[in-house]
Amino acid sequence: VGDPAGSDHVDGAPPSKIAVVGAGIGGSATAHFLRQHFGPEVQVDVFEKGEVGGRLATVTVNYKDYESGGSIIHSLNLHMQEFVKQLGLKYRRSVAGKTAVFNGEEMILEETDWYLLDLFRLWWRYGISFIRLQMWVEEIMEKFMRIYKYQAHGYAFSSVEELLDSLGGSGFINMTRRPLSDSLLELGVSQRFIDEVIEPVMRVNYGQNVSIPAFVGAVSLAGAQNNLWAVEGGNKLVCSGLLKMANTNLLQAQVNSISPVYSGEAPQYQLSFTTASETKSELYDIVVLATPLQASVRSGVQFQGFTPPFDELPGNYHSTVATIVHGYLNTSFFGFPDPRLFPFASVLTTETLDVFFNSVASVCPVNISTGFRRKQPQEAGVYKVFSPQPLVKAQLKTLFRSYYSVQVTEWQAYPCYGSSQGLPPVELHPNLYYLNGIELAGSAMEMSSVAAKNIALLAYHRWNRQTDMVDQKDLMHRIKTEL
Ligand SMILES: Cc1cc2nc3c(=O)[nH]c(=O)nc-3n(C[C@H](O)[C@H](O)[C@H](O)COP(=O)(O)OP(=O)(O)OC[C@H]3O[C@@H](n4cnc5c(N)ncnc54)[C@H](O)[C@@H]3O)c2cc1C
Ligand SMILES: CC(C)=CCC/C(C)=C/CC/C(C)=C/CSC[C@H](N)C(=O)O
């Protein structure tokens, strides 16, 4: 990591060219915030080697589109909310449906139509674990939401650790280092609740178990609350909308390499990239890398001419397969020979050797403003199965009595939590920033959006040498006393 010193540009002059690599939600939001902060004159080039949206994507089944990647957004994810408002898009509320937990042999937990009955059952089986858990998640969410105030006042952070520290002190940083199960046991949550409820939630959301760090565990639990929504038409519309609104120059190209060019005190960056027809290179004042740089994701970006040389980022991304099946669920497999008596919209699973899938859920199309009714299991419906490996035919036949179509998306989905130590840097070099380190704390659309706003602010303050807006302590107090 280089020294993030000032550059040799004329004070007050804006940069002339900025590059963003990746047009997922992270890159698109970065381009949008960069435009907000640097103004209309700067040229913002966004490079995308695949599809705009990245891990936000849809597949078409029977003439309707379904989310195959990032699908749900929390009601308190304020950046995502603001994007939707600014872009004139519509919210799509999650359609209610009952959930059950399957242990490979039987359903061990079943939601009913009766809220009070569900509460009673939870209390009977797990004591007050679920209340303790609820309060824990609420407290973390409340602290997390301080970021919106800090960012609205223009404050930026030079690392993910500094950002987390400003929100929840050393408690938040420690939560990125210790297992979720340890934090919950310390809180007084029972082992049985962890095995039967928390573990299935970690499996559906991150394909991993309760040894993932407590911070991402809390993000995952927030994603299991019932105040969730999505974007009507598909979440990826936010990405294309932001790129357009920010008046960016979208290049359908793969960035191959990046190297510093020293003409004055601070470097510019030479990006070499390949389009459908040629390989070219361009010089930029500021570059933001908005794609994971771990080897398993294969971004293809090489760092050349940096001293000291950059090492590849440690750790791996977790392979998660989303299989979207149009067919008839085999409810017998779950102990319901008569499909008409199967009341669940989603089934989560515990960690058991012979369970080959993490979850199966009936899914809604991305366009429901025209009206949508969940199909009964005796009818053909559209289901999403998450599994660590692609399903073989015998496994599909176990889960479905018969099917019309199967669409498979293999994702390098989110970090393998616990496979690396520490959080990657945000500042790789003066005026060269890395967005996706935040995923090691927690991977979600809102986390990439928070990182995007932070990098735009950080790049702006570094460019204008405003050190008093970076890594300031006691921000709550400062904000209260600011004029
Ligand atoms: C199956 C699944 C379910 C999920 N569910 C949820 C959910 O319900 N809610 C939620 O909040 N989050 C969810 N997530 C996580 C969420 O999707 C991600 O955290 C988020 O989309 C990451 O966005 P990003 O822009 O940071 O990265 P990406 O979306 O990965 O974007 C990076 C982009 O960079 C491009 N790129 C890479 N290398 C290069 C190069 N060399 N040159 C040019 N372009 C390049 C890629 O093609 C890609 O488009 C889910 C993820 C998966 C996979
Ligand atoms: C960042 C904060 C504070 C909250 C985000 C909560 C959230 C929406 C988490 C989702 C995490 C995630 C990776 C879910 C993946 S699976 C989603 C869903 N169950 C599906 O079936 O697609």
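L117 is located in helix α3; helices (H or I, at least four residues) and strands (E, at least two) are DSSP runs, numbered from the N terminus. This is a predicted model, in which local features need pLDDT of at least 70, side-chain atom pairs count only at pLDDT 80 or more, and totals for chains, interfaces and linings use all residues. Residues are numbered from 1 along each chain as its sequence is written, chains are lettered from A and ligands numbered from 1 in the order in which they are written, and side-chain values use heavy atoms, with hydrogens and water left out.

With a relative accessibility of 35%, L117 is partly exposed. The classes are buried (under 20% relative accessible area), exposed (over 50%) and partly exposed in between, with a 1.4 Å probe and protein chains only.

L117 belongs to a nonpolar surface patch of about 950 Å², formed together with W114, F120, W123, W124, I128, I131 and M135. Patch residues have over 30% relative accessible area and no salt bridge; nonpolar side chains (Val, Leu, Ile, Met, Phe, Trp, Tyr) are joined within 5 Å, like charges within 9 Å. A salt bridge is a side-chain nitrogen of Lys or Arg within 4 Å of a carboxyl oxygen of Asp or Glu. At least two patch residues come from each of α3 (115-126) and α4 (129-144), and α3 has the largest share, 4 residues.

Ligand 2 is surrounded by 15 residues, of which S71, I72, N205, K384 and F386 are the closest; a residue is counted if one of its heavy atoms lies within 4 Å. Polar contacts to the ligand (pairs of N or O atoms within 3.5 Å) are listed below.

| Side chain | Atom of ligand 2 | Distance |
|---|---|---|
| S71 | oxygen | 2.7 Å |
| N205 | nitrogen | 3.4 Å |
| K384 | oxygen | 3.3 Å |

Of the 610 Å² of accessible area that ligand 2 has on its own, the protein covers 87%; areas come from the Shrake-Rupley method with a 1.4 Å probe. Two or more shell residues are given by each of α4, α8 (191-206) and β19 (381-387). Helix α8 makes the largest contribution to this shell, with 3 residues. By type, the shell has 8 nonpolar, 6 polar and 1 charged residues.

W411 lies in strand β20 (residues 400-415). Its relative accessible area is 15%, so W411 is buried. Between W411 and V321 the C-alpha to C-alpha distance is 5.9 Å, although they are 90 residues apart in sequence.

How values were computed
Polar contact = N/O pair within 3.5 Å; in protein donor to acceptor, adjacent residues only side chain to side chain. Nonpolar A, V, L, I, M, F, W, Y, C, P; charged D, E, K, R; others polar.
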